[in-house]
Amino acid sequence: MATAGKVIKCKAAVAWEPNKPLVMEEIEVAPPKANEVRIKIVATGVCHTDLYHLFESMHKDGFPAVLGHEGAGIVESVGPGVTEFKTGDKVIPLFISQCRECRFCKSPKTNQCEKGWAADRYDVMSVEDSRFTCKGKKVLQFMGTSTFSEYTVVNQMAVAKIDPAAPLDKVCLLGCGISTGYGAAVNTAKVEPGSTCAVFGLGAVGLAAVMGCKAAGAKRIIAVDINPEKAEKAKVFGATDFVNPKDHSKPISQVLFEMTDGGVDFSLECVGNVGVMRNALESCVKGWGVSVLVGWTDLYDVAARPIQLIAGRTWKGSLFGGFKSKDGVPQMVKGYLDKKVKLDEFITHNMTLAQVNDAIELMKQGKCIRTVLSVSPQ
């Protein structure tokens with residue numbers, strides 16, 4: 001491409017400071033260095049983790065930044081040493097890397113990686129180095145991706161090449177939320193055929209967890225949310241029951257205990273709320289119940305009574321649904337193309353990057369499942 005090796009000026013939504021609207025700016029995106037790929041972002045979803053950084057954690061060293069981590073695009077150029085990708089490839093940037101060389105990547109027990117932004121700056125959610133500048137200032141790259149920009153530069157260990165037939169405005173959702181929820185059920189919880197499951201929180205991650213429970217063969221899937229409008233949506237993805245905690249005077253764990261003759265086999269917390277995490281654990285049957293923490297938060301301690309675990313329950317966490325990123329995302333894309341994974345049904349709004357603050361407001365108010373932003377024309 002004519003832009004290869006040159007600084008690209010493009011539009012991006014910049015978070016200059018926490019708890020303030022994003023600002024559409026012209027930024028400069030430097031060419032990729034060794035082992036890096038510059039990607040033209042075509043579409044991106046808006047995920048709660050973007051809102052978490054902006055409105056909840058508000059880490060002072062995490063700004064200014066370009067948010068967004070659920071995108072898809074086309075390779076514009078590659079840096080020295082890159083052989084896996086070429087100009088024109090359809091790709092999904094990954095917020096969790098897979099270097100394939102560290103002890104974690106070599107272990108089948110985890111999908112974590114010792115390299116990338118999460119290695120030593122997970123609280124700031126970015127590395128100090130960046131290819132972005134705006135008005136003469138360095139702008140941080142959020143979660144190693146920054147998809148609220150027309151162009152971004154990503155290390156090749158955090159990029160997945162996908163089927164050229166994949167529609168980027170749909171499969172962008174596999175960069176975070178849908179893979180996270182679906183994988184939490186299939187890979188982390190290891191939901192079993194004929195089992196009973198409860199999913200707490202019916203945003204995109206929770207609905208994807210419902211879809212994963214169904215794919216794994218669960219016979220009963222109880223969807224739990226305080227928004228009654230989520231009931232019908234949950235059925236689309238496979239829920240058999242819907243429970244609104246606000247409709248009951250007793251704790252939700254007791255409600256589920258009575259509904260299931262002693263508790264569910266598997267529960268998944270997809271909110272990022274430590275109180276809900278405990279409710280999810282307490283909803284599991286003693287002896288063998290498994291409860292998985294899926295919702296992202298790092299603000300508070302989580303607590304449980306020891307007897308709840310001594311009695312045989314397992315409490316575990318799931319990052320990106322347990323998928324090794326470079327391997328798992330192309331598999332999920334194939335699942336969508338083979339009509340085994342739903343994506344279209346998650347998308348409630350389509351907007352442009354310039355409308356990103358409107359999309360954030362929709363999510364804050366619980367009025368959307370996923371909004372997909374059109375970033376650049378293909």
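The buried residues of helix α10 pack against β6 (90-93), β10 (159-161), α3 (168-171) and α4 (177-189), where contact means heavy atoms within 4.5 Å and buried means under 20% relative accessible area, exposed over 50% and partly exposed in between, with a 1.4 Å probe and protein chains only. Helices (H or I, at least four residues) and strands (E, at least two) are DSSP runs, numbered from the N terminus. This is a predicted model, in which local features need pLDDT of at least 70 and side-chain atom pairs count only at pLDDT 80 or more, while totals for chains, interfaces and linings use all residues. Residues are numbered from 1 along each chain as its sequence is written, and side-chain values use heavy atoms, with hydrogens and water left out.

Among the buried residues of α10 are Val329, Met332, Val333 and Tyr336. Just after this helix comes Lys339, with a positive phi, and Asn19 also has a positive phi although it is not a glycine.

| Residue | Phi | Relative accessibility |
|---|---|---|
| Asn19 | about 60° | 45%, partly exposed |
| Lys339 | about 60° | 76%, exposed |

Asn19 is placed in the loop between β1 (8-15) and β2 (23-29), whereas Lys339 is in the loop between α10 and β17 (347-352).

The structure holds zero disulfides, a disulfide being a pair of cysteine sulfur atoms within 2.5 Å. Cys176 is in no disulfide, and the nearest cysteine sulfur, that of Cys47, is 3.9 Å away. The sulfur of Cys197 lies 3.8 Å from the closest cysteine sulfur, in Cys213, which is too far for a bond.
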